[in-house]
Amino acid sequence: MKVVIGAGPAGMMAAIAAAEAGKRVLLIEKNEKPGRKLAITGKGRCNVTNARDVSEFFDNIPTNPSFLYSALYGFTNADLMRFFEDNGVPLKVERGERVFPCSDRAYDIVDALKNRLRALGVRLVRDEAAAIETAGGAVVAVRGKNGLYPCDGAVIATGGLSYAQTGSTGDGYRFAKALGHGVTPPRPSLVPIVTREDVSALQGLSLKNCALTVTDRKGAAIYKNQGEMLFTHYGLSGPLVLTASGHIGAEPSGFHLSIDLKPALDADKLDERILRDFSSEKNKDFANSLGALLPAKLIPYIVERSEIPPRAKVNSVTREQRRRLASLLKNLDFTAEAYRPINEAIITSGGVNVREINPSTMESRLVKGLFFAGEVIDCDAYTGGYNLQIAFSTGHLAGMNV
Ligand SMILES: Cc1cc2nc3c(=O)[nH]c(=O)nc-3n(C[C@H](O)[C@H](O)[C@H](O)COP(=O)(O)OP(=O)(O)OC[C@H]3O[C@@H](n4cnc5c(N)ncnc54)[C@H](O)[C@@H]3O)c2cc1C
């Protein structure tokens, strides 16, 4: 008997691959339903993988990419897409080669996995695994809160530490440590950023098409991209910022995030545009003159940071002041103070040390019959469907070998 702990994407795929290889499989999940996190991925639409060539995946995996060669080439994005199409979930490719179910329903992805598990006769048990028992350096059982599950192979697919309400509470790190494995301390990645500046007045404001440049403490640009972001009561969030956090690394304090509110206009064009807006209504107060240029919620904040008196008539605004305003709109700068807590992170960076896992099988180098899959391993990727592909590929490899 093989036991898989955790019915997330990694665990479900591991159970499917093991059952397809003819093994009897028990899948233990502590939640009432499998795939709770999977069901909320991609804002409920599930960005299940990325359609780029697999060779391009490694540039999107900042932590231990080479460990994943066998897994990602053994069960590729094309294999994963075929799996879902064959199991009744047509897929579509969107901007950035992101792959989603045509239905835009993450539940369809979860259901396809559940149906395949059922068809293969995998037994799904609701229990919380508490420990893995070994004898003579090999796995002999998984101890659950409700029972003992004897087995000669176990896959730990318990996920990371983020969004703990979905079941990912870091249990796998505990199991791995108890069996002698090193665990790189978990930390948040793809996570909102707390800023030194008070932006609470902008809470809820979403910018649809802005550019973001992140510079490190020495002033070197480390990330630049265009897209969507969001102001929150503590700082910055939204896709651009979450992705940026993956590039920043462990310690964000002192990094600068500069927002270009008008990426389509260079500084001169923007100045011309402002001049045009100003000259159409010369006697307006400055504070009332930006309605055509900026979202209403942002105007008081920009007026304050521009240091141009809000009641100044636009025809009294000097060329120098106007240039400063344009520069502010092209370079609205914030300083990072910290990340939000790991529970608010999309993924957990850190995890079971990859040097102690055989990359060709996902088996522990320390304990026979012990395998790892998914986010519990010290690997993580940027946004774009790469994290789920890692979960499915490592799950598949572990399942084939357990
Ligand atoms: C809001 C959000 C959106 C995301 N969107 C995307 C996206 O669109 N695309 C993408 O690629 N990635 C996305 N991710 C990341 C992706 O969801 C994870 O990388 C992926 O779910 C990891 O899979 P996993 O199977 O390793 O772990 P998990 O999905 O965390 O599953 C682990 C499972 O193990 C169970 N478990 C834990 N401990 C025990 C125990 N002791 N006993 C029994 N069961 C246990 C848990 O209940 C859970 O069901 C998103 C993450 C979040 C939080």
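Visitor: What distance separates the centres of domain 1 and domain 2, taken over C-alpha atoms?

Guide: Happy to start there, keeping in mind that this is a predicted model. The chain is divided into domain 1, covering 2-188 + 347-401, and domain 2, covering 192-339. Taken over C-alpha atoms, the centres of these two domains are separated by 40 Å.

Visitor: How many residues of domain 2 are in contact with domain 1?

Guide: Contact here means heavy atoms within 4.5 Å. On the domain 1 side, five residues take part, and their partners in domain 2 number six.

Visitor: Which residues of domain 1 lose the most area to domain 2?

Guide: Let's begin with the interface itself: about 510 Å² is buried between domain 1 and domain 2, with carbon and sulfur atoms giving 58% of that area. In domain 1, 72% of what that side buries comes from three residues together, and these are Arg187, Tyr382 and Thr383.

Visitor: How many residue pairs are in polar contact between domain 1 and domain 2?

Guide: By class, the domain 1 side that touches domain 2 has three nonpolar residues, one polar and one charged. For polar contacts between the two domains, the count of residue pairs, both at pLDDT 80 or more, is two.

Visitor: Good to know! What is the volume of the second largest pocket?

Guide: Its lining includes Lys33, Arg36 and Lys114, along with Tyr107 and Val110. The lining residues divide into five nonpolar, two polar and three charged. As for the space they line, the second largest pocket has a volume of about 150 Å³.

Conventions: Residues numbered from 1 in each chain as written. Predicted model: local features only at pLDDT ≥ 70, side-chain atom pairs only at ≥ 80, totals over all residues. Heavy atoms only, no water. Domains from an automatic or database assignment. Buried area = accessible area lost by both parts, 1.4 Å probe. Polar contact = N/O pair within 3.5 Å; in protein donor to acceptor, adjacent residues only side chain to side chain. Nonpolar A, V, L, I, M, F, W, Y, C, P; charged D, E, K, R; others polar. 1 Å grid on protein atoms, 1.4 Å probe; cavity = no way out; pocket = protein on both sides within 12 Å on 5 of 7 lines; lining within 4 Å. Points joined across faces, edges and corners; volume = space filled by probe spheres on them.
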